[in-house]
Amino acid sequence: MSIQNQWSSKIGFILAAAGSAIGLGAIWKLPYVAGTSGGGAFFLIYLLFTIFLGAPLLISEFMIGRSTQKEAISAYESIAPNSYWPWIGKIGVGTSIVLLSFYSVVGGWVVNYFLRSLTGSLTGLELEEYQQLFGTIISNPYQAVGAHLIFILLTVAIVSGGVQKGIERVTRFMMPTLFILFIILVFRSLSLDGAMEGVSFFLKPDFSKVTSDTVLFALGQSFFALSLGISTMVTYSSYLQKGESLPRSMFSVVGLTIFISLLAGLAIFPAVFALGFEPTEGPSLIFTVLPAVFNEMAFGAIFFVAFLALLLFATITSSISLLEIIVASLTKGSNDRRLKTAWTSGIFIFMLGIPSALSFGLLGDSLIFGRTFFDLMDFLVSNIFLPLGALLIAIFVGYKMSKSALFDEMSQGSVVPQWLFKFWYFLIRYVTPAAITFVFLHSLGIL
Ligand code: PHE
């Protein structure tokens with residue numbers, strides 16, 4: 001492996017991993033799914049899954065990647081040669097392709113909004129006008145497919161040059177700025193008349209609204225937001241040198257993701273109730289509510305441009321991690337074929353995403369198993385394949401890897417107390433597989 005494929009600093013890895021995690025999952029998907037799945041109870045279950053299943057899985061992926069220094073598929077091969085285990089990586093790469101194909105559609109909406117915000121045409125509209133505008137952006141086939149294309153092109157351009165160079169430098173200032181802007185937004189939203197109703201919707205659990213779907217969606221959501229289950233984090237940590245602390249990276253990434261999820265919810269829901277939107281609005285939620293909040297702010301138009309630029313950036317740092325695992329696995333880490341592989345994968349993913357891009361317009365009525373193409377892809381990836389991959393990774397780490405090797409890997413670069421290791425091992429060996437299996441069976445109506 002060439003030196004180019006290493007993170008240049010400790011913080012570089014944390015930023016890249018947090019950049020992969022923080023994106024549409026925590027900012028766009030969480031509020032909309034929480035809104036349609038019962039609010040506070042959903043958020044609480046999401047938090048519990050993130051802490052007790054997501055965090056242990058995240059460090060597991062880190063350990064697989066760093067101990068082997070190999071990408072998603074080869075990593076499993078080198079720990080378990082001549083076995084079926086590398087299928088975890090293969091399924092992960094396949095899932096990444098599908099995930100990126102619809103992720104990019106929503107990324108395209110962000111691009112579209114960003115370009116419009118530059119002209120100032122997004123400020124001062126009425127609520128219905130925001131809804132209409134969003135309707136046009138997602139349903140007009142040229143806009144939807146065109147923006148999807150721009151988003152893929154941006155992603156491919158970055159990945160084909162090698163991920164490490166760019167992201168480290170830019171993420172360093174972009175991430176703190178995004179947090180600051182979100183905090184300002186939360187303050188504005190909380191100070192609107194009637195905001196408290198939104199706070200209690202988001203933070204006060206009402207368990208009577210919990211169904212087996214709520215639990216399955218919360219599970220999928222927590223893996224989606226942490227980029228887990230498809231070996232993205234295996235790939236990213238394979239570029240990490242020994243001697244960095246994995247537990248510290250894990251705590252940072254989980255902490256930041258939870259924090260941004262909380263900020264997103266607190267920016268959205270108070271405004272939903274105060275300004276007369278519906279929490280159950282669905283995928284359009286942040287795109288209609290946030291412009292209205294910025295409207296209520298001094299210099300709102302400027303803040304909105306900045307916000308969209310940062311959101312776009314956060315989205316791209318996630319999409320490049322998805323393309324990176326695909327390219328790294330197909331090229332087996334060799335830089336010679338990177339450019340060509342990035343472009344061919346990008347074109348394929350673009351085409352696969354076209355039906356998703358059209359799902360809010362031309363193909364809106366073509367339902368498969370009662371869902372649009374977009375919804376079906378999202379459902380399969382988030383609620384089936386991510387948890388399935390996570391289950392397999394937990395079994396791999398808990399039963400296939402050697403316990404002492406795991407302890408050594410975890411304590412490289414930091415002093416890990418025995419009890420912490422034991423607690424983690426217990427979670428990954430027993431709790432994670434049991435919980436994921438239970439949620440699956442429960443949602444199938446078997447348990
Ligand atoms: N975590 C990313 C987000 O929330 C999405 C993602 C999922 C990226 C899985 C990589 C792997 O936007």
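How are H3 and H18 oriented to each other? They are oblique, a label for angles that are not under 35 degrees (roughly parallel), over 145 (roughly antiparallel) or 65 to 115 (roughly perpendicular). The axes of H3 (residues 40-68) and H18 (residues 418-443) cross at roughly 120° and come within 10 Å. Axes here are lines fitted to C-alpha atoms, for helices over the stretch in contact, and angles run from 0 to 180 degrees between N-to-C directions. Helices are DSSP runs (H or I, at least four residues), numbered from the N terminus.

The model is predicted: local features need pLDDT of at least 70, side-chain atom pairs count only at pLDDT 80 or more, and totals for chains, interfaces and linings use all residues. Residue numbers start from 1 along each chain as its sequence is written.

Stay with H3 and H18. The crossing is left-handed, so the near helix is turned anticlockwise from the far one by less than a right angle; clockwise would be right-handed. On the H3 side, the contact uses Phe 52, Leu 53, Pro 56, Leu 57, Ile 59 and Ser 60. H18 supplies Trp 424, Leu 427, Ile 428, Val 431, Thr 432 and Ala 435. Contact requires C-beta atoms, placed from the backbone, within 7 Å. By class, this contact of H3 with H18 has 10 nonpolar residues, 2 polar and no charged. Nonpolar covers Ala, Val, Leu, Ile, Met, Phe, Trp, Tyr, Cys and Pro; charged covers Asp, Glu, Lys and Arg; the others, Gly among them, are polar. An α-helix has 3.6 residues a turn, so residues three or four places apart point the same way.

H3 also packs on H12. Their axes come within 9 Å and cross at roughly 150°. H3 and H12 are therefore roughly antiparallel. The crossing is right-handed. From H3, the residues in contact include Phe 43, Leu 47, Thr 50, Gly 54 and Arg 66. Among their partners in H12 are Leu 246, Pro 247, Met 250, Val 254 and Gly 265. The contact of H3 with H12 divides into 13 nonpolar, 4 polar and 1 charged. Ile 59 of H3 takes part here and is also in the contact with H18.

Now look at H12 itself. H12 (residues 246-275) has 30 residues. From its first C-alpha to its last, H12 reaches 43 Å, close to the expected 44 Å. The expected span is 1.5 Å times one less than the number of residues. Of the 30 residues of H12, 23 are buried, so the helix is largely enclosed by the rest of the structure. Buried means 20 or more other C-beta atoms, placed from the backbone, within 10 Å of the residue's own; exposed means 12 or fewer, and partly exposed lies in between. Gly 276 follows H12 and has a positive phi, near 85°.

H1 (residues 10-21) packs against H12 too. The angle is about 35°, with the axes 9 Å apart. This crossing of H1 and H12 is right-handed. Phe 13, Ile 14, Ala 17, Ala 18 and Ala 21 in H1 meet Ser 249, Ser 252, Val 253, Leu 256 and Thr 257 in H12. By class, the contact of H1 with H12 has 7 nonpolar, 3 polar and no charged residues. Ser 249 and Val 253 of H12 meet H3 as well.

H7 (residues 141-160) has 20 residues and reaches 28 Å, close to the 28 Å expected. Its buried residues include Ala 144, Ala 147, His 148, Phe 151 and Ile 152. Just after H7, Gly 162 takes a positive phi of about 95°.

Two residues have a positive phi without being glycine. Ser 231 has about 65° and sits in the loop between H10 (212-225) and H11 (232-238). Ser 231 counts as buried, with 31 C-beta neighbours inside 10 Å. Phe 369 has about 50° and lies in the loop between H15 (338-357) and H16 (373-400). Phe 369 is exposed, with 8 other C-beta atoms within 10 Å.

Finish with Ile 91, in H5 (residues 87-118). Ile 91 is partly exposed, with 19 other C-beta atoms within 10 Å. Not counting residues up to four places away in sequence, Ile 91 touches Phe 385 and Gly 389.

Technical notes:
Contact = placed C-beta atoms within 7 Å.
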